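Subject: Structure handover, with notes on salt bridges

Hi,

Here is the structure for your files.

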Amino acid sequence: MDAQPAPAILSVVIPVLNEAQCIERTLRQLVAQEGIDEIIVVDNGSDDQTPHLVAEFAAEHPMVELLHQPTRGTAFARNIGFDKARGDFIARTDADTIVEDDWSAVIREFFTAHPDTAALTGLCTYHDSPIGFVLAFGQGLMVRLGRLGGRVGNIYGPNMAIRRDAWIQIRDDTHVRADVAEDLDLALCLLKQGLRIDQVTDMRARTSSRRRRTSPYRFWRFQMIGLRTLRNHGIEPRRIDRVVVTMAWLTHTIQWPVYRFWDFHRRRFSLRPGAERISAVGDH
């Protein structure tokens, strides 16, 4: 009788920066999934209790490993995690993101059934938004209408996965500059090599809506990073790209007053809701 091939290994990489309030919740959701073989948390220069909490958690859960990348930048942290990962499939999420219970199973099953797919990206809603039902409704409607899913040209960083051999193929082409959107850059590197990206509507996660506290001015500058990333790859943004960016900014600006006084941890409105989200991308 022929020997059965060894099951594929699934690694999860989490870049993290000052996420002491939520990292344990994210890790507990991941270690509970049998389909995940290792979790690599890459601390990106935190100055709060994040590294300490992850180290304590790793001591109780050997599948979790803590790495340090003091050079700020999500791409720096992602790269060191992807390089360290031993998985045939490498997934990525964020410290403020909660993946669904079947997340790892969906990733494994899709990659196994679609050997020509190099990378996956899923859907995200919010777990801490006072108006998150709007996004959930719109997303659900788009799925029912068949407007989501299938081959795509971009990746959403907090909910993605890539084959290890695809990562090795494009790794040296990726950029780590602060003015580059690391997930879009990764997607463009894949597309330039003719590698397929699929959006999987059953690959679901809920992330934090803290980004919605960012002022409209700073959010516009953040949106410009996407257009800059296209130009960095020799792609002049099309009119539709500019329309999408403008509509994203307009939607954010309309919602911003709602989030201005929303406390994301206590889930209530407050005159002192806490600081806005810190990101290592650009100046956002």
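Below are notes on the salt bridges and on one arginine.

This is a predicted model: local features need pLDDT of at least 70, side-chain atom pairs count only at pLDDT 80 or more, and totals for chains, interfaces and linings use all residues. Residues are numbered from 1 along each chain as its sequence is written, and side-chain values use heavy atoms, leaving out hydrogens and water.

**Salt bridges**

A search of the whole structure gives 18 salt bridges. The term means a side-chain nitrogen of Lys or Arg within 4 Å of a carboxyl oxygen of Asp or Glu.

R206 and E100 form one, at 3.3 Å from N to O. That pair links distant parts of the chain, 106 residues apart. R206 sits in strand 9 (residues 196-207). E100 is in the loop between strand 5 (98-99) and helix 4 (103-113). Helices (H or I, at least four residues) and strands (E, at least two) are DSSP runs, numbered from the N terminus.

Both ends are partly exposed: R206 has 31% relative accessibility, and E100 has 28%. For these labels, buried is under 20% relative accessible area, exposed is over 50%, and partly exposed is in between (1.4 Å probe, protein chains only).

Next, R196 pairs with D198 at 2.8 Å, N to O. R196 is partly exposed at 29%. D198 is buried at 3%.

R266 and D263 make a further salt bridge, with their closest N and O atoms 2.9 Å apart. R266 is partly exposed at 44%, whereas D263 is buried at 6%.

**The network and R78**

Salt bridges also link a set of residues into a network: E19, R78, R92, D94, D96, E182, R210 and R211.

Take R78 from that set. Where does R78 lie? The residue is in helix 3 (residues 74-84). R78 counts as buried because its relative accessible area is 0%.

What does R78 touch, leaving aside residues up to four places away in sequence? The contacts (heavy atoms within 4.5 Å) are V13, P15, R92, W167, T174, E182 and L186. Two of these, R92 and E182, also belong to the network.

The side chains of R78 and N79 are joined by a polar contact of 2.8 Å. A polar contact is a pair of N or O atoms within 3.5 Å; within protein, one must be able to donate a hydrogen and the other to accept it, and residues adjacent in sequence count only if both atoms are side-chain atoms.

Best wishes
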